[in-house]
Every structure is written in structure tokens, then in C-alpha cells.
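Subject: Structure for your review

Hello,

Here is the structure I promised. Please look through it with the notes below at hand.

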Amino acid sequence: MNRRERQKHKRRKKLIIVLSTLLVLFITTSWIIVEFKSKAEDTEAAPEEQTPKESTTEKPTNPQTTNEKPTQAIINNYEIDNYLKKIGFSGSVLIVREGKTILQKGYLYANRETKALNTPDTLYYIGSSQKAIIATAILQLEEKGKISTEDPISKYLPNFPNGNQILLKNFLNHTSGIVGKPKVSGTVSPKELIEAIESQGIKRSQPGKWNYLDANYMVLAYLVEMISGESLSNYLQKNIFEPAQMTHTGTYQKDIENGTNESKGYLIKKDGGTYKNPKLADLSQLYGAGDISMTTKDMYLFDKALMDKKLISEASLKKMFAPGSTSGYGMGFYVDPGSYNSHGVLSGWNVSNSMSHTGKTYVILFSNIQNNIHSFGKVNNHIYKLLNK
């Protein structure tokens with residue numbers, strides 16, 4: 001190889017070295033850039049993944065306290081609607097026949113001072129209509145083999161007067177023969193109520209004679225707690241209200257939907273035109289016999305679940321609807337020729353609950369004026385006549 005060729009070879013070798021160096025630098029630089037960019041992206045994404053979302057996400061709310069859309073009035077029978085207006089009905093009505101809503105509406109004022117109107121969502125204290133719920137609870141416990149309506153009360157309350165002769169069914173039928181509950185004041189416990197009832201003793205007549213008393217169902221409510229091992233309110237919630245999907249039922253109105261649909265109870269004075277607000281008793285004194293409030297829809301849901309045998313069996317229903325005396329009262333309901341009825345009156349509220357023997361028709365009348373209608377039974381019967389025209 002001559003000198004010229006050697007110089008040319010050296011230049012080619014240097015060029016290769018330079019190009020190789022540049023290629024290595026390029027590859028190295030590109031790798032560094034990619035890695036840096038990747039880390040930068042990871043760094044930007046990390047805060048978004050780690051930031052808690054509680055501050056911007058609404059917490060789930062209790063279905064009973066959400067702002068539900070108001071239930072719309074439904075009128076599919078103007079003759080019944082006009083009849084209720086004519087008699088000055090004040091309250092809420094729900095009438096269902098064969099699954100179709102015939103009438104669902106509020107009438108006049110829930111609060112006469114503020115002029116707030118009664119609506120399908122208004123709450124009412126149901127008074128003695130609660131007895132049907134307590135009777136259902138007793139029959140549920142009987143089906144589970146924990147109690148029998150043929151048991152003497154002495155089996156559960158050994159100190160009860162005439163306890164060996166009085167059967168549980170006598171309390172359900174109001175044929176126990178007990179004197180009842182003395183007047184009490186303030187808040188009382190269920191145990192104190194039962195002791196007060198026991199202290200009153202019995203009447204001269206033996207069990208079997210009809211005598212309607214709240215005390216009968218106070219004893220039964222106490223048995224529900226004793227046998228189930230839980231409070232009455234908890235038992236009813238789990239075994240009756242939830243299965244029947246009753247989401248607007250409780251004790252005091254103010255505790256349901258934050259009191260947004262309360263009604264005020266009224267009594268018309270003897271002067272014929274002045275309304276007064278009777279004082280609501282401490283509901284602990286009405287334990288098991290009038291310490292519940294609800295909407296007309298929830299009463300319908302209870303009736304429907306009962307008649308559909310979702311709460312008790314066919315055999316228990318027959319027992320419930322068998323008259324226990326000449327009064328026609330079974331267990332929580334009066335048994336009339338064409339319907340089953342419960343009725344409740346409480347310090348300014350007056351309610352009627354009725355369903356046909358077939359379970360096809362339901363008529364629920366909740367009023368927040370205690371005494372402006374002489375007979376809810378007659379009103380109920382007239383509505384059935386209008387439905388059957």
C-alpha cells in the first residue's frame with residue numbers, strides 16, 4: 001500500500017469512528033429523552049390518582065330522607081271525588097281497584113295556619129289501625145313456632161291476673177275480660193304499662209265477652225318484644241315494613257322525611273266552626289296501639305302485602321279474619337259482609353282502612369280533622385257503592 005492509499009484509509013477510518021460516535025450519542029440522547037418524558041408523564045398522572053375524591057363526590061343518602069318527587073294526584077272517578085268534597089273531607093285518599101288507582105289525592109289543609117295543603121304524601125297518625133300490624137306480628141311468630149294464639153297469657157306473664165284462663169287469642173279479639181290501663185302521664189316504658197294493666201285486674205266476667213281496649217294490644221306488643229328478643233320498632237321494621245316496602249312509616253311524623261310532609265291534627269269545637277289543636281299524647285302511652293304514623297300509600301302497601309300472603313300464610317289470614325265475637329272483630333280488623341276494616345282515632349286524626357274480601361279493592365281514608373265526619377263507616381260504604389255502579 002503506497003503513502004497516498006494509507007492516508008486515504010486513515011481518513012476513512014476516522015470518518016467511521018466519528019459516525020459511530022455520533023450514532024451512539026444519538027441513540028443515548030434519544031433514550032434519555034424518552035425516559036425523561038415517560039417519568040414526567042408518570043409524575044403528572046400520579047397526583048390525579050392519589051387525590052381523594054370524597055371532596056367532590058356526594059355521599060349516598062338514605063332513601064327515606066331523599067327529596068323524592070311529589071306524588072301526583074290521580075282522579076279516575078269524579079263522582080267519588082265530588083262526594084268527598086261535598087262532605088268536607090280533609091285529608092288524603094287512596095282507592096285502588098284491581099291494581100288500578102281510582103283516586104289518589106289530598107283534600108283541604110294539612111296545616112290551617114300556614115295553608116299547607118294535604119297531598120298524597122302527607123303523613124297521618126293512624127291510631128288503632130296499628131292493631132292490624134301487631135296482630136300480623138303475633139301471627140308471624142306463631143307460624144315460626146315461637147308462640148301460639150291458644151297459649152294462656154300466664155305462660156309468658158306468670159303474674160297476669162286470671163292468666164291461666166285468658167288465651168292470647170282473647171287479647172287479639174278484645175275478649176280478654178281485663179279492666180284495662182289506668183291513666184298514666186309522661187313517658188312510660190312497655191314494662192311499666194304491662195305492670196299497670198296487671199294491677200288493674202280483671203272484670204267479673206270470664207274471658208269471651210267483647211270489650212274493646214287498647215290495653216289488649218299493648219300486652220300483645222309486649223309479647224312481640226319478649227318472644228323476638230328485640231324492640232317492637234325493630235321487629236316491625238324488619239318483618240313487616242321492609243317486606244311490604246313501606247318507606248314512609250315510623251313513630252313521630254317529624255322523624256319521617258325530616259317532617260316535610262307532616263299534618264296537623266284538628267278538632268272542631270262544639271260551637272260548630274272553631275278549630276283547635278288537641279295535644280298529642282306522649283306516644284309511649286299508646287305503645288302498640290296507636291304510636292305509628294304513615295302515608296296512605298304505605299297503608300295500602302301493608303294491606304296488599306297482607307292479602308298477597310307476603311307477610312303471613314293463608315291459614316293465618318283465615319284466623320285473622322275470623323270474627324272472635326258478635327262484634328265482628330277478628331284480629332286487628334272488623335269483618336264486614338263485603339270487606340275487612342280497621343279504624344283509628346288519635347288527638348285530631350281519624351283514619352279508615354278497608355279492603356274487599358277478594359283483595360281487589362282498597363279504600364284508605366286518612367283525615368286530620370277528628371270529628372267533622374260523623375261516620376267514616378258510612379263514607380267507606382258509600383264509596384264502595386259508587387265504585388260498584
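Helices (H or I, at least four residues) and strands (E, at least two) are DSSP runs, numbered from the N terminus. This is a predicted model: local features need pLDDT of at least 70, side-chain atom pairs count only at pLDDT 80 or more, and totals for chains, interfaces and linings use all residues. Residues are numbered from 1 along each chain as its sequence is written, and side-chain values use heavy atoms, with hydrogens and water left out.

Overall picture

The chain has 10 helices and 14 strands. Of its 389 residues, 46% are buried. Buried means under 20% relative accessible area, exposed over 50%, and partly exposed in between (1.4 Å probe, protein chains only). Contact means heavy atoms within 4.5 Å. Among contacts between residues at least 6 apart in sequence, 66% join residues at least 24 apart. The accessible surface is about 21,000 Å², and carbon and sulfur atoms hold 53% of that. Accessible areas come from the Shrake-Rupley method with a 1.4 Å probe; for residues, only the protein chains shown count as cover.

Two buried serines

S92 is in strand 2. Its relative accessible area is 0%, so S92 is buried. The S92 side chain makes a polar contact with the side chain of Y124, at 2.7 Å. A polar contact is a pair of N or O atoms within 3.5 Å; within protein, one must be able to donate a hydrogen and the other to accept it, and residues adjacent in sequence count only if both atoms are side-chain atoms. Leaving aside neighbours within four places in sequence, S92 also contacts other residues, including K105, N118, T296 and F366.

S129 sits in the loop between strand 6 (124-125) and helix 3. S129 is buried because its relative accessibility is 1%. Which residues does S129 touch, not counting those up to four places away in sequence? They are M299, S342, H343, G344 and V351. S342 is 213 residues from S129 along the chain, yet their C-alpha atoms are separated by 5.2 Å.

Helix 6

Helix 6 covers residues 214-228. The expected span of a helix is 1.5 Å times one less than its number of residues. For the 15 residues here that gives 21 Å, and the end C-alpha atoms are 21 Å apart, which agrees. Why call helix 6 largely enclosed by the rest of the structure? Because 11 of its 15 residues are buried. Among them are A215, Y217, L220, L223 and I227. The buried residues pack against helix 3 (131-143), helix 4 (168-173), helix 5 (190-200) and helix 7 (232-241). G229 follows helix 6 and has a positive phi, near 80 degrees.

Aromatic pairs

Rings of Phe, Tyr and Trp (its six-membered ring) pair if their centres lie within 6.5 Å; planes under 30 degrees apart count as stacked, over 60 as edge-to-face and the rest as tilted. The count comes to 14 aromatic pairs. One of these is F89 with F376, edge-to-face, at 6.3 Å centre to centre and 65 degrees between the planes. F89 lies in the loop between helix 2 (78-86) and strand 2 (91-97), and F376 in helix 10 (residues 376-387), so the pair ties together parts that are 287 residues apart in sequence. F89 is buried at 1%. F376 is buried at 5%.

Y212 and Y329 have ring centres 6.0 Å apart and planes at 80 degrees, so that pair is edge-to-face. Y212 lies in the loop between helix 5 and helix 6, and Y329 in the loop between helix 9 (314-320) and strand 11 (334-335), so the pair ties together parts that are 117 residues apart in sequence. Y212 is partly exposed at 29%, whereas Y329 is buried at 2%. W210, Y212, Y329 and Y334 form one aromatic cluster.

Charges over rings and positive phi

A charge sits over a ring if NZ of Lys or CZ of Arg is within 6 Å of the ring centre and within 35 degrees of the ring normal. The charged end of K115 sits over the ring of Y109, 4.9 Å from its centre. K115 lies in the loop between strand 4 (109-111) and strand 5 (116-117). Most residues other than glycine have a negative phi. K115 is not a glycine, yet its phi is positive, about 65 degrees. E257 also has a positive phi, near 55 degrees. E257 is in the loop between strand 7 (249-250) and strand 8 (267-268), and is buried at 9% relative accessibility.

Best wishes
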